[in-house]
Amino acid sequence: MTSTFSITRAVLADVPSLVPLYESFFAEDAITVARPEIEANLRQMLADDRAAVFVARAGGEAVGLSSGSLTCGVEFGWAAEIEDLFVVPACRGQGLARRLVEVALAWADDRGAHQTLLVITPEAEEAQSLTALYAKFGFVRSDRVLMYRTP
């Protein structure tokens, strides 16, 4: 599928077209998130100025997304995380993922982020070699340990 892509910042009206993309994204990365949680969290991100979701369209159809969020700490000041990056399989290999990363990084830069980080699941790395993509943007591997807690 070769198309002209447009990328815009998502708004609440985009939620119905973004939820199926997120479901596909999470399935590829072996992440389990229920549809109601996806929708609720997406709505929360869209309502918060410290987060942004970008939607790529081809022929009016949502075919990709990226998102980011901001945090502030003493070590780096404002920092951003690229939360999500997904392109439907039929549109891969056409530079759309690169464009979605560029949009998310520009958003972070415009908000004064001094550092941008991201997390790549082992499944995503094995299937898509994402470290190679992100290295093109200057990302380097960290020796820090990622941990999380679910209350």
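Reader: Which residues lie nearest the centre of the second largest pocket?

Author: In this predicted model, the second largest pocket has a volume of about 1,100 Å³. Its lining is made up of 32 residues, which divide into 17 nonpolar, 10 polar and five charged. Those that lie nearest the centre of this second largest pocket are Leu 117, Leu 118, Val 119, Val 140 and Ser 142.

Reader: Which element supplies the largest share of the lining of the second largest pocket?

Author: Strand 3 (61-73), strand 4, strand 5 (115-118), helix 4 and helix 5 each supply at least two residues of that lining. Among these contributors, the largest share amounts to five residues, and the element that gives it is strand 3.

Reader: Turning to the largest pocket, which residues are the closest to its centre?

Author: About 1,400 Å³ of space lies in the largest pocket. Its lining counts 45 residues, and these divide into 25 nonpolar, 10 polar and 10 charged. The closest to the centre of the largest pocket are Phe 25, Phe 26, Ile 31, Glu 83 and Asp 84.

Reader: Which element gives the largest share of the lining of the largest pocket?

Author: Several elements each supply at least two residues of this lining, namely helix 1 (15-28), helix 2 (35-47), strand 4 (77-87), helix 3 (96-110), helix 4 (122-128) and helix 5 (130-135). The largest share is seven residues, and the element from which it comes is strand 4.

Reader: How many residues apart are Arg 43 and Glu 39, and is their setting buried or partly exposed?

Author: Arg 43 forms a salt bridge with Glu 39, with the closest N and O atoms 3.3 Å apart. In an α-helix there are 3.6 residues a turn, so residues three or four places apart point the same way. Because the relative accessible area of Arg 43 is 36% and the relative accessibility of Glu 39 is 31%, each counts as partly exposed. Both lie in helix 2, about one turn of the helix from each other, and the separation is four residues.

Reader: What is the distance between the end C-alpha atoms of helix 3, and what span should its residues have?

Author: Helix 3 has 15 residues, and at 1.5 Å a residue these should span 21 Å. The computed separation of the end C-alpha atoms agrees with that expectation, so the distance and the span are both 21 Å.

Reader: Which elements do the buried residues of helix 3 pack against?

Author: The buried residues of helix 3 include Leu 96, Leu 100, Val 101 and Trp 107. After the helix comes Gly 112, whose phi is positive, near 80°. The elements against which the buried residues pack are strand 1, strand 2, strand 3, strand 4, strand 5 and helix 5.

Reader: Which residues is Ala 52 in contact with, leaving aside its neighbours within four places in sequence?

Author: Ala 52 has its place in strand 2, and it counts as buried because its relative accessibility is 3%. The C-alpha atoms of Ala 52 and Arg 111, which are 59 residues apart along the chain, are separated by 11 Å. With those sequence neighbours left aside, the contacts of Ala 52 are Arg 9, Met 45, Ser 66, Ser 67, Gly 68 and Trp 107.

Reader: Where is Ala 30, and what is its phi?

Author: Most residues other than glycine have a negative phi. Ala 30, which is exposed with a relative accessible area of 53%, has its place in the loop between helix 1 and helix 2. Although Ala 30 is not a glycine, its phi is positive, at about 55°.

Note on methods:
Residues are numbered from 1 along each chain as its sequence is written. This is a predicted model: local features need pLDDT of at least 70, side-chain atom pairs count only at pLDDT 80 or more; totals for chains, interfaces and linings use all residues. Side-chain values use heavy atoms; hydrogens and water are left out. On a 1 Å grid over the protein atoms alone, a cavity is a set of points where a 1.4 Å probe fits but cannot get out, and a pocket is an open set with protein on both sides within 12 Å along at least five of seven lines; lining residues have an atom within 4 Å of a point. Grid points are joined across faces, edges and corners, and a volume is the space filled by probe spheres set on the points. Ala, Val, Leu, Ile, Met, Phe, Trp, Tyr, Cys and Pro count as nonpolar, Asp, Glu, Lys and Arg as charged, and the others, Gly among them, as polar. Buried means under 20% relative accessible area, exposed over 50%, partly exposed in between (1.4 Å probe, protein chains only). A salt bridge is a side-chain nitrogen of Lys or Arg within 4 Å of a carboxyl oxygen of Asp or Glu. The expected span of a helix is 1.5 Å times one less than its number of residues. Contact means heavy atoms within 4.5 Å.
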